[in-house]
Amino acid sequence: MTVSVEIADPRTEPEPHGWSGFRAAGGLPAVWDYDLLALESWAARNPPLLLVVREGTRIVAGATVLVCRPRLRPAYAAPPRRRGAPVPLWAEVYQPWLSGFAGVAFAEDVDEPGTAELLRRVERALAARLGPRLLGVLYRAVDTTLAAALAGRGRLVRQVDTVSVLANTFGGEDDWLGSLSKSRRGSVRRSLREVERRVASARLVIRGGPARDDLHGREIAALVNRHRAERGVPRLETRSPLLGSYFHRFVKRPDVHTLTYHDDEGRLLALNTMLENSRCLVKQHWAALPPADGGVRHLLFDSYARAVRHMVSAGVAELSAGRRPHDVKRSLGFAPRPVYGVAVPRPVMGR
């Protein structure tokens with residue numbers, strides 16, 4: 001059967017036919033939605049492409065790929081150069097707002113040898129699309145199985161981090177607390193009691209649920225981007241800040257659960273988004289004001305307790321909480337799962 005690769009720029013090109021059905025059938029989280037990719041792309045310094053691999057007309061794989069450039073501008077993609085040497089590019093197969101997950105997905109019936117062949121086709125399509133300026137491709141946050149499929153001569157495979165995962169073996173929140181060390185169990189319970197006291201005294205308002213239409217995207221974006229900046233942006237960061245228009249659409253989705261903490265004057269103090277699907281609950285964006293600026297202590301532990309409750313009530317297999325801080329997550333019962341980076345220089349792309 002004929003295998004083809006379609007490349008779509010969400011800023012200017014229509015959604016590939018059948019993509020929504022493939023995303024729904026595979027249980028892919030909201031960040032794979034084409035409309036959200038478009039909102040992300042318009043504000044990105046390194047805008048993503050969506051690559052779709054078909055066998056005949058059927059989609060068997062998809063990948064989100066950031067087209068990366070040197071830091072020529074602080075936020076937006078640089079315009080084409082009319083003079084001088086061409087600016088080099090590199091590609092990152094990456095799902096930037098899904099920490100610890102690769103930017104590639106396959107139909108359920110694609111086996112490991114098939115995975116390797118489809119990825120080589122993706123690489124050849126990227127080389128043809130981006131031309132001689134392309135230096136190579138970097139796969140971020142791939143798991144052990146995908147790292148093995150990507151390995152080969154001239155390819156560099158390295159474990160780069162771990163992602164924290166909590167298996168759903170609990171009957172409820174008390175079971176989870178009982179599994180923690182005595183000191184951590186005590187600190188979490190003290191935090192939960194303090195949050196309950198603030199709620200009872202009407203100094204704190206907590207709301208959570210899917211399809212939130214009571215929130216302002218601009219306020220969410222300001223808090224999330226501030227939190228990221230205060231934690232420090234990595235030197236090799238290729239993501240750009242998300243805009244209010246993105247969050248305005250994002251939190252209204254039925255598969256996005258948003259937990260918010262407001263003070264008694266309606267000021268947003270902290271928020272946590274969680275992405276739902278049938279296999280895994282993803283604890284995604286977390287952001288909070290520091291106490292020095294009016295924030296409230298103990299909200300982080302409260303958000304983890306609520307995420308565990310949600311995991312148990314939804315009956316999903318696990319809760320994924322991204323990467324750092326590893327020590328805090330280990331103390332809350334999360335186990336590390338290795339993630340790898342795979343660098344593929346241009347001469348061996350597609351081989």
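These notebook entries record what I looked up in the structure.

**Basis.** I worked from a predicted model, in which local features need pLDDT of at least 70 and side-chain atom pairs count only at pLDDT 80 or more, while totals for chains, interfaces and linings use all residues. Residues are numbered from 1 along each chain as its sequence is written, and side-chain values use heavy atoms, with hydrogens and water left out.

**Helix H2.** I turned to helix H2, residues 34-42; helices are DSSP runs of H or I with at least four residues, strands are runs of E with at least two, and both are numbered from the N terminus. Its buried residues (under 20% relative accessible area, 1.4 Å probe, protein chains only) are Tyr34, Leu36, Leu37, Ala38, Glu40 and Ser41. Among the elements that cover them I noted strand S1 (3-8), helix H1 (19-25) and helix H8 (244-250). At the N-terminal end of H2 I found Asp33 as a cap, with a side-chain oxygen 3.0 Å from the backbone nitrogen of Asp35.

**His326.** I located His326 in helix H10, residues 326-331. Is His326 buried or exposed? His326 has a relative accessible area of 18%, so it counts as buried. Leaving aside neighbours within four places in sequence, I found His326 in contact (heavy atoms within 4.5 Å) with Asp161, Thr162 and Ser164.

**Lining residues.** I also looked up the lining of the largest cavity, which divides into 7 nonpolar, 3 polar and 2 charged residues. Ala, Val, Leu, Ile, Met, Phe, Trp, Tyr, Cys and Pro count as nonpolar, Asp, Glu, Lys and Arg as charged, and the others, Gly among them, as polar. A cavity is a set of points on a 1 Å grid over the protein atoms alone where a 1.4 Å probe fits but cannot get out, and lining residues have an atom within 4 Å of a point. Glu40, Trp97 and Arg239 are among the lining residues.

Technical notes
Buried means under 20% relative accessible area, exposed over 50%, partly exposed in between (1.4 Å probe, protein chains only). A polar contact is a pair of N or O atoms within 3.5 Å; within protein, one must be able to donate a hydrogen and the other to accept it, and residues adjacent in sequence count only if both atoms are side-chain atoms. On a 1 Å grid over the protein atoms alone, a cavity is a set of points where a 1.4 Å probe fits but cannot get out, and a pocket is an open set with protein on both sides within 12 Å along at least five of seven lines; lining residues have an atom within 4 Å of a point.
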